[in-house]
Amino acid sequence: MLKIGSHVALSGKDMYEGSVKEALSYGANAFMVYTGAPQNTIRKKIEDMNIEGAERLMAEAGLSFDNVVVHAPYIINLANPDPEKRQFAVDFLTSEVIRTAKMHVNQIVLHPGSAVGKDRNEALHWIAEGINQVISNTKDLNVRIAIETMAGKGNEMGKTFEEIRDMINLIEDKSRVSVCFDTCHTSDAGYPIKDDFKGVIEQFDQIIGKKYISVFHINDSKNPQGARKDRHANIGYGEIGFDSLLEVIYHEDFKDIPKILETPYINDKAPYKAEIEMIRKRVFNENLISEVSEN
């Protein structure tokens with residue numbers, strides 16, 4: 001069965017239960033949340049997150065927490081050359097992994113970091129060292145850290161399969177690490193998602209191993225292959241295209257893996273219900289943007 005959803009909010013009085021409600025309103029059976037604002041460290045107390053309400057609603061709707069994904073905040077940079085800032089990143093990611101486990105979620109997506117010191121080999125080792133520390137700090141928890149494939153803008157790490165492979169090779173407990181495959185990022189990094197996804201996956205399998213992919217971010221791209229820009233487009237309205245993204249979404253090897261949309265809002269309105277419907281029907285809606293704008 002297709003496991004499809006989107007990023008949803010975690011806020012207001014309903015908190016986690018509200019996240020489930022939003023996902024259900026889109027016709028989704030999977031979703032992704034941040035545990036708080038991705039740009040800061042402010043977090044609600046666990047007891048205020050309404051986890052019980054989410055449990056109840058998930059059970060009523062027949063949804064599985066295996067199809068829920070948490071995304072780590074952007075401010076975490078395990079590759080920072082400043083030891084104090086790296087330690088902050090380790091400590092905060094540790095707390096996010098603990099929160100993820102308490103939310104009954106088994107994976108947290110992580111942007112691997114930026115080589116602000118511009119030594120990519122050193123940065124790579126710091127990232128792996130930091131993930132090892134976080135895993136050691138949470139050794140009794142069943143939460144994977146899913147390293148996201150990145151577009152390569154600036155000094156981003158993880159722009160090549162080889163860099164992600166080298167990070168994983170340095171991580172001691174391989175059962176606690178996986179990969180989040182982002183279609184926009186991977187295309188922007190130079191991989192031919194549009195024309196040869198089969199070949200890209202074969203390459204990924206040879207370099208890293210496709211068994212490591214635990215979640216997909218399904219996004220079209222506003223820029224052509226290799227642009228290294230990381231600007232998401234709505235499904236079928238970008239440079240990758242609807243048919244190519246369907247090939248990713250319905251690939252037989254990944255049928256049991258959640259597919260999460262992070263496409264942009266249209267005139268301040270979420271497009272996810274319409275996009276999910278389009279994906280399920282496998283028919284491109286050339287009026288998607290105007291219809292979402294009007295509703």
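This is a predicted model: local features need pLDDT of at least 70, side-chain atom pairs count only at pLDDT 80 or more; totals for chains, interfaces and linings use all residues.
α9 runs from residue 272 to 281, and its buried residues are Y272, E275, I276, M278 and I279. Those five cover an arc of only 160° around the axis, which means they sit on the same side of α9. Note that a glutamate, E275, is in the buried set.

What covers that buried side? Among the covering elements are two strands, β1 at 4-7 and β10 at 259-261. Two helices also take part, namely α8 at 242-249 and α10 at 288-294.

Stepping back to the whole protein. The model has 10 helices and 10 strands. Its radius of gyration is 18 Å, close to the 19 Å from the globule rule for 295 residues, so the protein is as compact as a globular protein of that length. Along the principal axes, the C-alpha atoms fill a box of roughly 50 × 45 × 35 Å.

As for the interior, 56% of the 295 residues count as buried. If you take contacts between residues at least 6 apart in sequence, 75% of them join residues at least 24 apart.

Last, the surface and the charges. The protein exposes about 12700 Å², with 46% of that supplied by carbon and sulfur atoms. There are 35 positive and 45 negative side chains, and the centres of these two sets lie 1 Å apart.

How values were computed: Residues are numbered from 1 along each chain as its sequence is written. Side-chain values use heavy atoms; hydrogens and water are left out. Buried means under 20% relative accessible area, exposed over 50%, partly exposed in between (1.4 Å probe, protein chains only). Helices (H or I, at least four residues) and strands (E, at least two) are DSSP runs, numbered from the N terminus. The arc is that of the directions from the helix axis to the C-beta atoms. Contact means heavy atoms within 4.5 Å. The radius of gyration is taken over C-alpha atoms; the globule rule is 2.2 Å times the number of residues to the power 0.38. Accessible areas come from the Shrake-Rupley method with a 1.4 Å probe; for residues, only the protein chains shown count as cover. Lys and Arg count as positive and Asp and Glu as negative; His and the chain ends are not counted. The place of a charge is taken as NZ of Lys, CZ of Arg, CG of Asp or CD of Glu.
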